[in-house]
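Subject: Structure for your records

Hello,

Below is the structure I said I would hand over. My notes follow it.

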Amino acid sequence: MNIVRSHVLVCGGTGCTSSNSPEIIKQFNKELDKRGLSDEVKVIQTGCFGLCALGPIVIVYPEGSFYSMVKPEDVEEIVEEHILKGRIVKRLLYEGDLKEAKVATSLNDTNFYKKQKRIALRNCGVIDPENIDEYIANDGYQALAKVLTQMTPEEVIDTITASGLRGRGGAGFPTGRKWAFAAKEDNPVKYVCCNADEGDPGAFMDRSLLEGDPHSIIEAMAIAGYAIGAHQGYVYVRAEYPIAVKRLQIAIRQAREYGFLGEDIFGTGFNFDLDVRLGAGAFVCGEETALMRSIEGHRGEPRPRPPFPAVKGLFDKPTILNNVETYANVPWIINNGPEAFASIGTEKSKGTKVFALGGKITNTGLVEIPMGTTLREVIEEIGGGVPNGKKFKAAQTGGPSGGCIPESLIDTPMDFESLAAVGSIMGSGGLIVMDEDNCMVDIAKFFLQFTVDESCGKCTPCRIGMRRLLELVDKITSGNGTLEDIELTEQLCYHIKENSLCGLGQTAPNPVLSTLQHFRDEYIAHVVDKRCPAGVCKNLLRYQILAEKCIGCTSCARVCPVGAISGEVKKPHTIDTSKCIKCGACMEKCKFGAIVKN
Amino acid sequence: MNRTQVRSGKSTDKARSGSRISPQPEEKFSEIKKVIEKYADREGCLIQVLHEAQQIYGYLPMEVQQFIARSLDLPLSEVAGVLSFYSFFSVKPRGQHTIRVCLGTACYVRGGKKIVDHLCESLNVGVGDTTEDGKFTFEIARCIGACGLAPAVMIDDTVYKQVTPAKIDAILSRY
Amino acid sequence: MSTVKVKVNGVEVECPANATVLEAARLAGIEIPTLCYMKEINAIGACRICVTEVSGARGLVAACVYPVAEGMEINTNSQKAYNARKMTLELILSNHRRDCLTCDRNQNCELQKLAKDYNIKDVRFGHPEELKPQIEDSMIHLIRDNSKCILCRRCVAVCKEMQGIGVIGPNDRGFETHISCAFDRNLEETACVSCGQCITVCPTGALTERDCTDKVWNALADKSKFVVVGTAPSVRVTLGECFDMPVGTNVQGKMVAALRRLGFDKVFDVDVTADLTILEEGTEFLERLNSGENLPLITSCSPGWVKFCEHYYPEFIPNLSSCKSPQQMFGAMMKTYYAEKMGIDPKDIFVVSIMPCTAKKFERFRDYQEAVPGLRDVDAAITTRELARMIATAGISFKDLPDEDFDPAFGISSGAGVIFGATGGVMEAALRTVTEIVTGQELKKLEFTEVRGTEGIKEAQYDLGGRLVRVAVASGLSNARALLERVKSGEAQYDMIEIMACPGGCVNGGGQPIQPQSVRNFVDLRAKRAAAIYDADKEMKLRKSHENPVIKEIYDTYLEKPGSHKAHKILHTKYQARSKYPGVAVAE
């Protein structure tokens with residue numbers, strides 16, 4: 001084997017792939033080949049680094065130079081300058097703090113990574129996900145070996161229980177307890193399922209994990225299979241994630257070849273195999289009973305519990321279902337001991353949590369933080385704050401099942417209990433930042449539209465109730481609402497929460513309730529003043545020309561599609577509000593800031 | 001007797017496209033048959049079969065669904081019911097290119113809705129429809145996982161980042 | 001069975017350990033409302049009307065599916081549960097077209113009753129007044145109006161699980177979810193068998209039979225028509241339910257009196273042609289037994305089953321008895337034998353049949369059902385429910401009617417004819433006759449108890465004069481399917497099979513009185529109605545078809561003998577294979 005002097009890591013996550021990272025890899029190989037460096041320098045396509053906004057990302061080791069927004073035409077320069085001549089290409093370095101330092105400091109010293117603790121994401125952006133040897137080199141399948149050769153199933157469950165690991169899919173149920181329930185069932189056929197049907201709009205942790213480190217999921221599922229006495233597993237993954245599906249399938253094939261899946265694993269007599277099942281675009285399939293119905297080939301409609309899946313799940317057999325991120329923690333816990341995991345986080349929320357940071361924030365991307373890190377730290381330090389000098393207004397966690405956290409609560413620690421206490425939830429890890437330009441009623445309506453579209457339609461409160469709720473909120477944003485409507489909205493929210501059949505309906509009103517809790521004044525402005533404070537709700541907008549700023553250039557009148565603007569040349573213009581369709585074209589066109597909306 | 005026939009627009013739409021019999025490419029059906037045989041002894045394979053059949057046929061019109069129903073010995077209503085539950089499956093022929101505007105939360109708060117409104121107008125189609133010239137099918141995506149590039153638009157397999165109404169016109173003109 | 005003790009609204013009750021909260025409450029005399037739940041048919045916990053507070057649960061639970069536990073405290077009528085049910089009702093009503101006054105199910109609607117019980121005065125959501133009818137009336141027997149559908153899915157469950165057909169199902173999702181055939185096609189373009197079970201489970205007016213009472217009223221008003229009516233065996237034990245009489249009350253006498261008061265020229269009993277069926281079918285059976293051809297013989301009285309066979313098991317068509325059903329034999333005899341005897345032009349005879357069945361409406365229009373060419377054997381087939389409606393329209397005080405007898409020409413029947421109304425009855429009637437014919441000896445015991453009862457599939461073996469005869473009885477089409485699959489695979493072998501489309505046979509037919517879940521969940525309709533049928537048989541002097549003097553006279557004076565050429569012309573029919581996916585282009 002050749003001694004490799006340098007590694008070039010190119011991000012192959014969905015974000016960077018769509019920004020043409022495969023072409024960058026091709027270019028690297030071409031340029032290295034041209035210079036006869038192919039044996040000395042290894043190019044690796046990795047999973048997501050986390051900083052998606054700056055993709056495509058390339059890291060050159062051993063220096064650890066972090067190049068961002070690399071274009072194929074930059075590759076030649078990196079090879080020529082950095083790899084051949086040892087001169088870092090400063091113009092491509094990550095802007096954050098590295099450029100200031102003008103030296104190639106370690107990635108971990110940057111604000112974005114400094115506060116992170118990567119357990120679930122430990123291999124993402126580090127190894128080639130399509131190469132099982134790299135996973136093995138990073139302690140891969142060591143946990144499975146340890147479990148199968150040195151531990152009883154009870155010991156495995158005890159270890160997971162002792163670690164304090166809780167489900168990362170949203171509800172936070174203790175993983176060890178879930179496994180114990182299924183282990184207790186006396187049935188020769190049991191199943192282990194993985195929920196990779198990440199449906200929260202604005203979250204992509206699971207996708208990045210499957211793309212960046214598929215073997216950790218396979219290893220964890222085999223461990224779970226041993227713990228509960230199952231021999232077959234299913235990974236239910238969104239069909240919208242083609243790269244994740246492909247890498248998972250490659251990984252399963254490799255694991256079978258290496259004997260980590262299949263019969264008589266490690267010669268212990270333990271059999272376990274995995275199958276991938278594709279979702280088909282239904283958010284409700286993230287609910288456990290719906291997911292199982294879907295694997296069985298039916299409409300993904302949830303059913304009442306009990307019986308719980310641990311007793312009667314997939315194909316009516318005892319089944320455990322865990323989320324991708326939950327599984328990703330398992331091998332680490334086995335290898336490092338439950339104490340190590342339990343030492344991270346808060347009293348009731350142990351370990352770390354991966355968040356997909358998005359919206360009005362400088363560093364969008366994937367971050368993994370110890371539980372209990374405050375929202376302020378995440379937004380201001382890791383996320384780099386709200387861009388364009390705008391004011392932070394709220395952070396939304398938990399997606400369509402979650403809520404908004406207002407600025408006054410920005411010091412809330414990010415753990416299960418604290419988030420619930422402020423009317424939101426941990427959820428699967430979507431974290432969307434809003435600034436002063438976002439209308440909170442409109443945001444609530446956005447999530448309602450989502451859950452109305454995604455309701456399975458089985459139970460009355462969710463099927464009809466959510467639709468009626470959307471109609472009420474729509475009435476409010478269109479300026480036709482009354483104070484009574486706000487009251488009825490609230491009443492209906494609680495009804496849907498308490499009466500819906502499954503978790504989707506039980507949490508779907510949360511975005512409304514939490515905005516009502518923290519931003520009630522905005523609702524009231526919509527119904528009493530008939531005004532949208534953020535200037536988002538079209539029906540409530542009024543475009544106006546400030547006479548003192550208007551110079552009468554006529555460009556607004558020319559761009560107006562409905563001829564609502566009139567006025568003489570070089571004299572202030574006016575907008576006929578009865579004609580105005582509120583498209584905003586005039587405001588975009590005006591160079592003098594003479595047009596305002598309110 | 002009241003013989004009023006009223007149905008929601010959506011349903012009529014489906015019924016119409018469902019009853020359109022297109023030429024049946026024999027080789028596509030034999031490919032689908034192979035898929036069904038592959039899954040024959042696996043429990044609960046309907047959705048996987050539909051996935052592969054859609055890849056082969058492009059969409060899943062009535063005759064394909066009926067073929068699958070018969071091959072798997074399922075009631076046709078079961079196949080159609082499952083299919084209509086999942087948004088990934090299409091019963092209508094698709095355009096040459098698929099435009100998917102991301103309306104995940106990140107893209108929404110960064111103005112994805114504006115792109116949707118703009119495209120509805122400029123392409124003269126509703127969401128889920130195909131342009132008259134058969135060039136584009138216009139869809140909304142629930143987060144394509146490109147939150148860092150918001151608002152993002154995906155055309156076939158290519159993601160365009162930080163799109164504006166003006167930018168999208170320029171992009172579309174290249175197709 | 002082990003039991004547990006629970007407290008319902010403070011009252012302790014002991015209930016089976018596997019009971020649901022709903023069942024436990026009922027034991028304490030409390031009725032928790034349900035809309036989607038129906039015992040043995042649908043338990044999906046979807047409508048959320050039955051939400052109830054129980055100790056140990058986080059929030060409200062769906063009583064219909066939530067299991068009891070030792071020491072559980074159940075509070076069925078807490079303020080919380082009451083408010084929740086009320087709001088859920090309001091939501092359902094916000095999407096339900098409320099034309100109650102002109103609805104088929106007015107005053108027999110589970111949703112209407114709940115709206116009243118829960119004192120709903122106002123619906124604060126949606127715009128229900130803007131809802132338009134969504135009529136699908138392609139079938140002869142049924143009308144669907146989804147603007148009244150509340151998506152309880154009982155119809156889907158009964159069609160798919162109980163009947164094993166599944167021509168309807170949920171389509172789309174969320175608020176757009178609706179029950180329909182694949183691609184929203186019309187029911188006539190599917191392999192629906194017209195059994196009407198979906199109608200009897202529908203809590204609202206979303207599914208109703210096609211009403212033919214106007215046609216009957218018109219005939220009654222037409223002086224040129226001689227209107228005869230015949231009543232199916234099971235109708236006499238169910239009609240009383242429409243007039244608040246207990247399930248399983250035999251009201252034969254009052255029924256006859258009512259029909260007479262409605263103005264029918266003759267009131268006859270289809271039991272007579274049931275006896276006739278036994279003679280024809282028994283003869284056919286013995287012929288096949290001798291020749292060994294087309295065995296097992298499968299009965300053809302149930303038009304739902306016949307259509308099922310044609311769609312799903314065309315390979316068994318040769319096994320079907322070629323006999324018309326008792327309804328069709330009744331019509332055929334009226335327009336031939338009776339017309340001739342009475343000297344009436346068959347064109348002027350209007351035959352009305354009162355049936356427990358919606359498929360009979362379809363059967364009337366089948367091919368090869370015209371004993372007199374150009375004239376349908378039967379002119380109107382109405383259900384038990386439609387008859388009740390006519391009695392109400394006529395202002396007849398049903399409960400106060402005297403008991404009257406059928407008109408004699410077609411009014412004398414045997415107990416064998418009566419038991420056609422319950423599953424196993426046709427088999428038993430046939431065995432009574434065939435055994436005596438073959439052995440030439442009088443049966444000591446007339447009851448063939450092995451083929452009685454509400455189980456879905458029953459099997460028995462009898463000695464028929466030295467020859468062992470293997471018989472099977474199935475009711476409900478899922479059971480029929482299971483039985484036929486075993487016959488097909490060679491796993492089971494029979495000489496004769498009785499199949500009824502509806503579970504429990506005609507007593508539970510798709511045209512029978514609709515009982516709400518509050519009754520069906522706790523009363524075994526099939527067993528109670530069947531018990532009344534067997535009681536009627538027991539009390540009759542005449543209990544064997546071949547001893548019926550009317551039948552004897554028919555053969556002596558008109559048909560010569562069972563299976564004669566003339567009998568074949570008038571009383572037998574033909575079948576046709578039908579597609580499993582009618583109206584769909586077949587790709588291969």
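Chain A holds 25 helices and 18 strands. Please keep in mind that this is a predicted model.

Overall dimensions first. Chain A has a radius of gyration of 27 Å; a compact globule of 598 residues would come out near 25 Å, so the two agree. Along the principal axes, the C-alpha atoms of chain A fill a box of roughly 90 × 65 × 40 Å.

Among the contacts in chain A with a separation of 6 or more, 71% are between residues 24 or more positions apart.

I also looked at one helix pair. Two packed helices are described by the angle between their axes and the distance between the axes. In chain A, helix α11 covers residues 214-228 and helix α12 covers residues 242-257; their axes are 9 Å apart and the packing angle is about 55°. The crossing of α11(A) past α12(A) is right-handed.

Which residues make the contact between α11(A) and α12(A)? From α11(A) they are A:P214, A:H215 and A:I218. From α12(A) they are A:R247, A:L248, A:A251, A:I252 and A:A255. By class, the residues of this contact comprise six nonpolar, one polar and one charged.

Regards

Definitions and conventions
Residues are numbered from 1 along each chain as its sequence is written. Chains are lettered from A and ligands numbered from 1 in the order in which they are written. This is a predicted model: local features need pLDDT of at least 70, side-chain atom pairs count only at pLDDT 80 or more; totals for chains, interfaces and linings use all residues. Helices (H or I, at least four residues) and strands (E, at least two) are DSSP runs, numbered from the N terminus. The radius of gyration is taken over C-alpha atoms; the globule rule is 2.2 Å times the number of residues to the power 0.38. Two residues are in contact if their C-beta atoms, placed from the backbone, lie within 7 Å. Axes are lines fitted to C-alpha atoms, for helices over the stretch in contact, and angles run from 0 to 180 degrees between N-to-C directions. A crossing is left-handed if the near helix is turned anticlockwise from the far one by less than a right angle, and right-handed if clockwise. Ala, Val, Leu, Ile, Met, Phe, Trp, Tyr, Cys and Pro count as nonpolar, Asp, Glu, Lys and Arg as charged, and the others, Gly among them, as polar.
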